[in-house]
Amino acid sequence: MVNRVVLVGRLAQDPVLNKTASNYSVATFTLAVDNKRKRGESGNSTVFIRCQTWNALAENVVKFTKKGSLVGVDGRLISNSYTKKDGTKATSIEIVCDSVAFLGPKGQTNSTDEGLFGEDSSSDSNVETIDITEDDLPFN
């Protein structure tokens, strides 16, 4: 059996970087991917897919992308079950990315030597510590 997902889309919002209690980095973002409609139907629909990256890849995603950035992701699907506030059970599906290709931000055709945005993105102002044990990690 194979669990592999490859998608190209744009970030629906800026990625968020968190640190686990064990100091692992985890970045989450939502990827907007167009669904082409059949011939004769007007317009496209968009699917929004939650993605997560870990460690150095997570830090690079936060450093080099922002809302509107075009990226390609390669990873695997995971499902999470949870209970909503109203007591009903629900399941969410996310992609744990093994790689992310930075294809460029919205409206930009070439990257520069200064990085994708021509600015210093080394600030840790959006880093938050979250409490996750090593048992919560999606890898061994």
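Trainee: Which residues of α1 are buried?
Mentor: This is a predicted model: local features need pLDDT of at least 70, side-chain atom pairs count only at pLDDT 80 or more, and totals for chains, interfaces and linings use all residues. Buried means under 20% relative accessible area, exposed over 50%, and partly exposed in between, with a 1.4 Å probe and protein chains only. In α1, the buried residues are Ala58, Val61 and Val62.

Trainee: What pattern does the chain follow along the sequence?
Mentor: Residues are numbered from 1 along each chain as its sequence is written, and side-chain values use heavy atoms, without hydrogens and water. Helices (H or I, at least four residues) and strands (E, at least two) are DSSP runs, numbered from the N terminus. The chain has one helix and seven strands. Read in sequence, they give β-β-β-β-α-β-β-β.

Trainee: What share of the contacts with a separation of 6 or more comes from residues 24 or more positions apart?
Mentor: Contact means heavy atoms within 4.5 Å. Among contacts with a separation of 6 or more, residues 24 or more positions apart supply 65%.

Trainee: What percentage of the 140 residues is buried?
Mentor: Accessible areas come from the Shrake-Rupley method with a 1.4 Å probe, and for residues only the protein chains shown count as cover. The chain exposes about 9,300 Å² of accessible surface, with 47% of that on carbon and sulfur atoms. Of its 140 residues, the buried share is 33%.

Trainee: Which residues touch the most other members of the largest nonpolar core?
Mentor: A nonpolar core is a set of buried Ala, Val, Leu, Ile, Met, Phe, Trp, Tyr and Cys residues, joined through side-chain atoms within 4.5 Å. The largest one has 14 residues. Those touching the most other members are Leu7, Phe29, Leu31, Val73, Ile95 and Cys97.

Trainee: How far is the sulfur of Cys97 from the closest cysteine sulfur?
Mentor: A disulfide is a pair of cysteine sulfur atoms within 2.5 Å, and the structure holds zero of them. Cys51 counts as buried at 0% relative accessibility, and Cys97 counts as buried at 5%. The closest sulfur to that of Cys97 is in Cys51, and it is too far for a bond, at 4.4 Å.

Trainee: Which side chain makes a polar contact with Ser25 at 2.6 Å?
Mentor: A polar contact is a pair of N or O atoms within 3.5 Å; within protein, one must be able to donate a hydrogen and the other to accept it, and residues adjacent in sequence count only if both atoms are side-chain atoms. Ser25 is in strand β3 and counts as buried at 2% relative accessibility. Its side chain has a polar contact with that of Lys19 at 2.8 Å. The 2.6 Å partner is Glu59.

Trainee: Which backbone oxygen does the side chain of Ser69 reach?
Mentor: Ser69 is in the loop between α1 (55–64) and β5 (70–83). Its 1% relative accessibility makes it buried. At 2.9 Å, its side chain reaches the backbone oxygen of Lys66.

Trainee: What is the phi of Asn23?
Mentor: Most residues other than glycine have a negative phi. Asn23 lies in the loop between β2 (16–19) and β3, and counts as exposed at 56% relative accessibility. Its phi is positive, near 70 degrees.

Trainee: What is the phi of Asn55?
Mentor: Asn55 is in helix α1. With a relative accessible area of 28%, Asn55 is partly exposed. It is not a glycine, yet its phi is positive, at about 60 degrees.

Trainee: What separates the C-alpha atoms of Pro15 and Phe29?
Mentor: Pro15 lies in the loop between β1 and β2 and is buried, with a relative accessible area of 4%. Pro15 and Phe29 are 14 residues apart along the chain. Their C-alpha atoms are separated by 4.6 Å.
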